[in-house]
Amino acid sequence: DQVLARTQRVAGPLRTTVVHNALPDSDLRACPSQGTRLLMVARFAPPKDHLTLVRALHRIRQLPWALDLVGDGEGTGAVRDQVRALGLADRVHFLGFREDVPELLARSHVFVLSSRWEGFPISILEAMRAGLPVVCSRVGGVDEAVEHGRTGLLFGPGEVEVLAEQLQRLLTRPEERAAMGRRGRARFEERFTLEPMLRDTVRVYSQVLGERHTRGEQPLGLAAG
């Protein structure tokens with residue numbers, strides 16, 4: 001990301017810019033206030049840290065919730081073992097690889113991502129597009145998409161206690177889930193549809209080409225004759 005490029009001295013602040021990922025829109029919408037089904041979409045690998053989510057949910061097992069885990073990978077067995085050990089096997093569902101994620105989002109009520117490392121996850125944008133509140137670890141570019149306290153809640157990677165508190169907060173407050181989902185959907189429409197991404201991409205190219213023209217350099221992609 002832009003911060004990493006600066007800290008590693010790849011480029012200075014005047015030579016970097018951000019054009020966020022985007023998604024085509026969808027008519028599928030969730031109803032966050034109508035239930036307590038949680039969804040996480042991620043491959044089963046150490047950076048995604050499903051175990052933090054499972055341990056957090058064990059701390060609030062007195063509440064009515066169900067968790068759907070979408071994805072596969074070599075870490076599936078370890079997560080299954082932890083779920084069984086904590087007595088949550090009847091509430092945590094392993095759905096494997098799915099091609100109907102928009103439909104699964106539409107039937108869910110809270111989206112969760114407990115990763116220890118991310119770039120700028122598309123899964124968060126998919127959740128916002130569906131109108132879901134997002135509970136996610138504050139890593140990578142996550143806080144460029146999720147507004148803490150407005151469209152979702154952010155926690156530090158591996159913070160089981162904090163995640164448990166945040167999930168309890170949303171699971172017991174249907175009106176807040178709905179409000180965050182609405183604001184997340186509005187933020188998606190404003191910043192993460194294809195139109196602003198294309199507009200910003202054209203702006204960057206126009207700026208770069210204009211600077212090269214001013215310096216008398218060849219346009220990008222053309223070799224000197």
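Reader: Which residues touch the most other members of the largest nonpolar core?

Author: This is a predicted model. In its largest nonpolar core, Leu53, Trp65, Leu69, Phe111, Ile124 and Leu167 touch the most other members. The core holds 56 residues. Helix H6 (residues 160-171) gives the largest share, six residues.

Reader: What is Leu69 in contact with, beyond its neighbours within four places in sequence?

Author: The partners are Met40, Phe44, His50, Leu53, Val79, Val92, His93, Phe94, Leu95 and Gly96. Contact here means heavy atoms within 4.5 Å.

Reader: Why is Asp49 called buried?

Author: Its relative accessibility is 10%. The cut-off for buried is under 20%. Asp49 therefore counts as buried. Across the protein, buried residues make up 45% of the 225 residues.

Reader: Where is Asp49, and what is its phi?

Author: Asp49 lies in the loop between strand E1 (37-41) and helix H2 (50-59). Its phi is positive, about 55 degrees, although Asp49 is not a glycine. Most residues other than glycine have a negative phi.

Reader: How many helices and strands are there?

Author: Eight helices and six strands. Along the sequence they follow α-β-α-β-α-β-α-β-α-β-β-α-α-α.

Note on methods:
Residues are numbered from 1 along each chain as its sequence is written. This is a predicted model: local features need pLDDT of at least 70, side-chain atom pairs count only at pLDDT 80 or more; totals for chains, interfaces and linings use all residues. Side-chain values use heavy atoms; hydrogens and water are left out. Helices (H or I, at least four residues) and strands (E, at least two) are DSSP runs, numbered from the N terminus. Buried means under 20% relative accessible area, exposed over 50%, partly exposed in between (1.4 Å probe, protein chains only). A nonpolar core is a set of buried Ala, Val, Leu, Ile, Met, Phe, Trp, Tyr and Cys residues joined through side-chain atoms within 4.5 Å.
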